[in-house]
Amino acid sequence: MASRSAKRIVCLPGDGIGPEVMAVAQRVMHVLAPELELEDHPFGAAAIRASGDPLPAETLEACRAADAVLKAPIGDPEFDAADVRPEQGMLRLRKELDVYANLRPASRGPVDLLIVRELVGGLYFGARGVRDDGTVFDTCEYHPSQVERIARRAFELARSRRGRLTSVDKANVLDTSRLWRRVVHEVAGDYPDVEVADMLVDNAAMQLASAPEQFDVIVTENMFGDILSDLAAAMTGGLGLAPSASLGDRGPGVFEPVHGSAPDIAGHGIANPAAMLRSVALMLDLALDRPDEAAALERAVEAALRDAPTPDLGGNATTAQFADVVLAALVA
Ligand code: IPM
Ligand code: MG
């Protein structure tokens, strides 16, 4: 990869509104960073239809070799009850690339917080099965090393921001949470400049809903982070605006909106591409070392949110009109 100067981005257009918001992202990248090499690969429900596998081997290999992966939402109700589901491809991609640190920023007005969600452990990846008596089980599992690396990442991020870290767990009930808490406090010894506090997850939900401005960085396990990040998004303008970056220690990161594939509005041309574009901005900043272009894109998205809001925001702009405002702001 070192011999190649042009950066290669693997784009996964996904399902539902995925291809619509990906098309806007690609239009924008052609203007903002025309030398980027963009490649589309099948993933999710579209890939199941084509090959029976939500993450075909060819797509995984392309992702591994890329400088970054830009992913649109996946998921299709057609497969909700099927044995092979689009979401399984997403979990496998995260695991295969070992992108354990999922960064989900949320800001509006006085609120400026970052959720750091552990992404490749916990309930999503623990033992599961069916017992002889018909009981179905999913297991929450964490190894201390998994907690340590996400804690370190969160402390580093807190240090680069306002120096406050809230570690969210359920240590009054769960052993994995007691492990989590112990490891976070061990790691804290290396970050005396960061102020760390523990918070139980039920209280964290209430605090996020009632006083979200108190938070700087929140670090938490996979499922708590899934739930709290939707809440944080709702508190700061809605899911249509929320981007995310999933990073490992080496290899490509995955950049994707927090929202789903919204099959109910797919094909209507009214999807809000803001979260997708903000995910592109995170990619420009964190994977491609282009903070100036990232900031310009952030500002252009702000302009479009103001001047061409889509129906989910109470406006009536189409996806294409939103994109036109973004592009006009970028070339201005
Ligand atoms: C998210 C999504 C996924 C998750 C689903 C689609 C598997 O909700 O990225 O937040 O739970 O991680
Ligand atoms: Mg989620």
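**Exercise 1.** In which sense do strand 8 and strand 9 pair, and over how many bridges?

*Solution.* Before starting, note that this is a predicted model, where local features need pLDDT of at least 70, side-chain atom pairs count only at pLDDT 80 or more, and totals for chains, interfaces and linings use all residues. Residues are numbered from 1 along each chain as its sequence is written, chains are lettered from A and ligands numbered from 1 in the order in which they are written, and side-chain values use heavy atoms, leaving out hydrogens and water.

Step 1: find strand 9 at residues 195-200; strands are DSSP runs of E with at least two residues, and helices are runs of H or I with at least four, numbered from the N terminus.
Step 2: strands 8 and 9 pair in the parallel sense over 6 bridges, where pairing needs at least two DSSP bridges.
Step 3: as a landmark, Asp-169 stands opposite Leu-200 in strand 9.

**Exercise 2.** Which residue in strand 10 is the bridge partner of Ser-167?

*Solution.* Step 1: look at strand 10, residues 217-220, which pairs with strand 8 in the parallel sense over 4 bridges.
Step 2: the partner of Ser-167 there is Val-219.

**Exercise 3.** How many residues of strand 8 are buried?

*Solution.* Step 1: take residues 164-169 and apply the cut-off for buried, under 20% relative accessible area with a 1.4 Å probe, protein chains only.
Step 2: 5 of the 6 residues are buried, so strand 8 is mostly covered.

**Exercise 4.** At roughly what angle do the axes of helix 7 and helix 8 cross?

*Solution.* Step 1: the axes, lines fitted to C-alpha atoms over the stretch in contact, with angles from 0 to 180 degrees between N-to-C directions, cross at roughly 10° and come within 9 Å.
Step 2: helices 7 and 8 are therefore roughly parallel, the term for angles under 35 degrees.

Methods: Parallel < 35°, antiparallel > 145°, perpendicular 65-115°, else oblique. Buried < 20%, exposed > 50% of the residue type's maximum accessible area, 1.4 Å probe, protein only.
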